[in-house]
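Hi,

Here is the structure I promised to pass on. Have a look at it first, and then read my notes below.

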Amino acid sequence: MIRPALWLAALICALGLAPAALAAAAPTHRIHVRIEPATQSLEGRDSLRFEAARAATLVLSSRFRIDALAVDGRRIEPVPRLIDGFQRISLPAGRRIDIAWSGRLAPLDRSQDHRDTLTYAEPASASDGTFLPAGSGWYPAVSGALERYSVELDLPAGQRGLVPGRLLEESEAAGRYRARFEFRQPAEGITLIAGPYRVEERRVRTAAGSEVRLRTYFHPELAQLASGYLDSVAGYLDLYESRIGPYPFSEFSVVSSPTPTGFGMPTLTYLGIDVLRLPFIRATSLGHEVLHNWWGNGVYPDYARGNWSEGLTTFMADYAYREREGAEAARAARLAWLRDFAAMPSAEDRPLARFTARTHGASQIVGYNKSAMLFFMLRDAIGNDAFDRGVRDFWREYRFRVASWEDLRAAFERASGRHLGAFFAQWLQRPGAPMLRIAGANAAAAAANGWRLSVDLEQNAPAYALSLPLAVRTADGEIEWRVEIAHERTTAVLALAAEPLEVALDPDMRLWRRLAANEAPPILRDLMLAEHPALIVPGADAALRTAAQDLAARLLERTNTANADASALLVAGLHGDIDAWLAREHLAPRPPQLAPASGSAQVWTARAGDGRVVVLVSARDAPSLAALARPLPHYGRESWLVFNGERMLERGTWPARPQVWRLKPTGDHPR
Ligand SMILES: [Zn+2]
């Protein structure tokens, strides 16, 4: 299930391109399409050419009528087979197909959320937006083939439109807007977007010397945001050209959508009006989408053998921006990944190699976060220079080609001169993560006034090979220590000048690992993803019970179960009832920053004595509880929040507590 908070963190990337191995056979469309958004009518003509004569099956939405059809100039009477809303038209061998079609598009449904947009493949149109996704059958696609294309759009004056590719010409005359685009790389389909756009354009010469046309296609109410977006896109092009290599296309456009969606395609990104207004999108998701023109749309993942492009893009975009803010922000980002992973039921875990595209929260945790952490650990292992060299060589070698995880590994092996087979194998082929513990530690005075520290480390079987960071606090300050471990038990010994006081295990969260319960104080997602959640409503108010059930339905991925078998609890009620329930269950009272007087509702996570996650939702009255149903599912990464009605006032996470072994004064008890 895709939740808004997840897709805002990293937008869905509908990659429009696919294996170049099939490229030779790609036919070329020459499409002319006239669209009247006010009446949802579409008229199209296409002249399709194949390099050599071949039989083909065309796939067109069954909402259209075929007005004319010819193969190599001979008229054909179409005999479509209707399957699932599409008509499939099998044609005899030929080198050229001419076809004309027309019909009504679906009305654009503004109530759709992003999840609907992903699954709802109807071509839809209205005056404030037209969205004809690849795969919706708005043009006669050749079944099973990649396609090159040129598309000429014909729209009423005031409307603007585009498809991915190079803009060759455009004009506005006699009450019509016309624009012609071309895409020369074989693509997986053609997506057409139109709307009452104001276009802002800037031509930039990038650091690598390419000339790129940057555009915003924005609804009028976003006009004042255009130049800021163009600035940001230009900045991202320079950043990634310097880190990877020249931008592989001649345009990039940011396009607004009347529905709350988020898509990335080669040369453009299509984002909801309300999404574009969010102040952080320019600083995060936009860069992610621009970078996909290198990873995903510039080098194509070998989907059958796993999609590396989301992880590399997340690492070089979303995560890199946090790193630029400073070490603390970067650590917080890694901790958030590990917390999300800790919240994921292990039954949903899959090897990273099996990730192809995001379909629900768990696949984001593996396909984006674990994958990004793999690149982080790789950079730790081989160093920044070798990592950067590997990235640039990989780009140079695989531009507009298919590449697999194996190809990436080979590029980093060449750049670093190291064998990385075992590293990639354990992170790609195995589900899950190592669980690491300090089982004991001893310090003894050694000869020559030094100290000898010995630490017993344990991990669950089967063991991972890891370079485990330890932080040793001594009387003279902190020492970073890397211990190479490859077995379930390792005793590591370190000679020190000063007396060691305590040892912390990976306090910077530099390894992909399963956090211990105390290391990861709970977040809302622990409940949202729980396999067996239960709802408890202390108190007797019927309206409150209804509101609580509605909140549970919105928040929980699985339906709730009986209290006794539950793995996580959602407890919702009035302030007084919640306080009484906490006392009865011997749980810690309401935290001080969540006084009942603040806002109209408070939400916080706790851990029961038996380790179960408990989420408390404490409201002033039933309407205050009902008001949380919409906003709360967006805050899976938080530990506590205060709301006034639907508006979030404050939020935060409980601090993580690294595993620490204290050597003084008694040296016996890990915290
Ligand atoms: Zn992406």
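Let me begin with a strand pair: E29 and strand E30 (residues 568-574) run parallel and are joined by 4 bridges. Two strands count as paired if DSSP finds at least two bridges between them. The names come from DSSP runs numbered from the N terminus, with helices (H or I) of at least four residues and strands (E) of at least two. Within this pair, Leu535 sits opposite Leu570 in E30.

Before going on, a word on what you are looking at. This is a predicted model, where local features need pLDDT of at least 70 and side-chain atom pairs count only at pLDDT 80 or more, while totals for chains, interfaces and linings use all residues. Residues are numbered from 1 along each chain as its sequence is written, and side-chain values use heavy atoms, with hydrogens and water left out.

Back to that pair. E29 and E30 belong to an open sheet of 6 strands with mixed pairing, in the order E29-E30-E32-E31-E33-E34. Its edges are strand E29 (533-536) and strand E34 (647-652), each of which pairs on one side only. From one strand to the next, the twist averages 15 degrees. Angles here run from 0 to 180 degrees between N-to-C directions, with axes being lines fitted to C-alpha atoms, for helices over the stretch in contact.

Two helices lie across this sheet. Helix H14 (residues 575-584) lies across E29, E30, strand E31 (601-607) and E32, and runs at about 135 degrees to E30. Contact means heavy atoms within 4.5 Å.

There is also an open sheet of 5 strands, again with mixed pairing, in the order E16-E17-E18-E20-E19. Strand E16 (198-205) and strand E19 (262-265) are its edges. In this sheet, strand E17 (residues 211-218) and strand E18 (residues 251-257) run parallel, with 5 bridges between them. Tyr217 is opposite Val255 in E18. Helix H3 (residues 226-243) packs on the sheet, touching E16, E17 and E18, and makes about 145 degrees with E17.

For antiparallel pairing, look at strand E3 (residues 64-71), which has 7 bridges to strand E6 (residues 86-104). E3 also forms a hairpin with E4, with 2 residues between them, and Asp72 in the turn has a positive phi of about 50 degrees.

What about the interior? The largest nonpolar core has 155 residues, and Trp294, Trp295, Phe375, Phe412, Leu457 and Trp512 touch the most other members. Such a core is a set of buried Ala, Val, Leu, Ile, Met, Phe, Trp, Tyr and Cys residues joined through side-chain atoms within 4.5 Å. Helix H8 (residues 361-382) gives the most to this core, with 11 residues. A second, separate core of 30 residues includes Met528, Ala619, Ala622 and Phe643.

Finally, is Asp154 buried or exposed? Asp154 is buried, at 3% relative accessible area (buried is under 20%, exposed over 50%, partly exposed in between, with a 1.4 Å probe and protein chains only). Asp154 lies in strand E11 (residues 147-156), and its side chain makes a polar contact of 2.7 Å with that of Arg176. A polar contact is a pair of N or O atoms within 3.5 Å; within protein, one must be able to donate a hydrogen and the other to accept it, and residues adjacent in sequence count only if both atoms are side-chain atoms.

Cheers
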